Amino acid sequence: MDTTLFDDARLRRARDEDADPRTREIAAGLLAVRERIAAAAAACGRIDLPALIVVTKTFPAEDVVRLHDLGVREVGENKHQEAAAKAAAVEQELARRAGRDPQEAAADGSSMRWHFVGQLQSNKARSAAGYAAAVHSFDRGSLLTALARAAGDRREPLDCLVQVDLRREIPADSRGGAAPEAVAGLADRLAASEGLRLGGLMAVAPLDEEPAEAFARLAEISRRLREDHPEARMVSAGMSTDLEAAVAAGATHLRVGRDVLGKRGTGR
Ligand SMILES: *Cc1c(COP(=O)(O)O)cnc(C)c1O
């Protein structure tokens with residue numbers, strides 16, 4: 001599952017010896033987060049490690065290139081405009097350094113896999129399908145037409161995760177996840193859509209509850225989903241503050257920003 005190309009020895013070298021101070025900082029963050037993931041897995045007797053998606057929102061393309069140099073291949077963004085521009089800038093820079101065109105670099109897997117984790121809007125679906133390998137925030141049926149149409153231009157199906165709202169009381173105007181009861185229906189419709197692939201589930205822990213309890217409910221929803229859709233194995237959960245609880249609850253993908261890259265300026 002872990003598609004990163006780094007190892008700890010390489011990260012330690014970068015942390016201690018790289019000429020660029022920002023690269024040293026990011027290497028230190030990556031090492032610390034990897035240690036936390038390994039410790040959390042050991043604590044619950046888990047052998048397979050989840051993949052680490054580094055959430056790069058608000059950080060510049062240069063930091064994504066640094067992550068690439070450190071072996072990271074999965075990054076996440078939550079705003080379309082920022083993501084599309086950054087993905088293009090990163091691909092260009094990687095291609096320029098390798099002396100080839102961006103299409104080739106993308107095709108041989110040497111470039112980044114972009115995960116869109118922000119709120120999804122129909123009118124931005126085309127943009128997301130242009131740069132993203134996966135969209136984590138599918139939460140209503142009205143997005144299907146736009147996503148399927150946008151995915152029609154792609155070589156690979158677009159992985160879509162159903163975002164689940166784990167709050168115990170979901171406000172009527174909720175944007176940011178489907179109610180648990182709605183997941184099965186949305187998943188069936190996704191799985192039946194050409195060009196889209198049902199990847200699994202995504203959630204953010206509610207603020208007013210222990211993450212472990214919320215993630216336990218997510219694990220149960222995932223178990224039920226896989227009875228009907230065994231291929232929908234992704235469970236995207238866990239951020240800087242609650243990654244340990246997510247590891248213990250069986251998350252396959254963690255989305256970590258702050259604790260790898262540092263504080264964001266804008267409070268997002
Ligand atoms: C920003 C963000 C993250 C990462 O959060 P950190 O606290 O920076 O680790 C994860 N998931 C989503 C949906 C986000 O918007």
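This briefing describes the surroundings of the ligand and the setting of selected residues. The structure is a predicted model, in which local features need pLDDT of at least 70, side-chain atom pairs count only at pLDDT 80 or more, and totals for chains, interfaces and linings use all residues. Residues are numbered from 1 along each chain as its sequence is written, and side-chain values use heavy atoms, with hydrogens and water left out.

**Ligand site**

- The ligand is surrounded by Val55, Lys57, Val117, Met202, Met239, Ser240, Arg255, Val256, Gly257, Arg258 and Arg264; a residue is near a molecule if one of its heavy atoms lies within 4 Å of it.
- This shell divides into 5 nonpolar, 2 polar and 4 charged residues, where Ala, Val, Leu, Ile, Met, Phe, Trp, Tyr, Cys and Pro count as nonpolar, Asp, Glu, Lys and Arg as charged, and the others, Gly among them, as polar.
- Oxygen atoms of the ligand lie 2.9 Å from a backbone N or O atom of Gly257 and 2.8 Å from a backbone N or O atom of Arg258.
- From the side chain of Arg264, an N or O atom is 2.7 Å from an oxygen atom of the ligand.
- On its own the ligand has 390 Å² of accessible area, and the protein covers 90% of this; such areas come from the Shrake-Rupley method with a 1.4 Å probe.

- Thr58 is found in the loop between E1 and H3; helices (H or I, at least four residues) and strands (E, at least two) are DSSP runs, numbered from the N terminus.
- Phi of Thr58 is near 75°, a positive value in a residue other than glycine.
- Most residues other than glycine have a negative phi.
- Thr58 is partly exposed because its relative accessible area is 26%; buried means under 20%, exposed over 50%, and partly exposed in between (1.4 Å probe, protein chains only).
- Glu82 lies in helix H4, residues 80-98, and counts as buried because its relative accessibility is 18%.
- The side chain of Glu82 reaches the backbone nitrogen of Thr58 at 2.5 Å; a polar contact is a pair of N or O atoms within 3.5 Å, and within protein one must be able to donate a hydrogen and the other to accept it, while residues adjacent in sequence count only if both atoms are side-chain atoms.

**Other residues and their separations**

- Pro60 is also placed in the loop between strand E1 (51-55) and helix H3 (61-69), and its relative accessibility of 39% makes it partly exposed.
- Between the C-alpha atoms of Pro60 and Ser222 the distance is 34 Å, with the two residues 162 apart in sequence.
- Leu120 occupies the loop between strand E3 (113-116) and helix H6 (125-131) and, at 1% relative accessibility, is buried.
- Leu120 and Gly238 are 118 residues apart in sequence, and their C-alpha atoms are 20 Å apart in space.
- Glu17 belongs to helix H1, residues 8-17, and is exposed at 58% relative accessibility.
- The C-alpha atoms of Glu17 and Arg167 are separated by 45 Å, and these residues are 150 apart along the chain.
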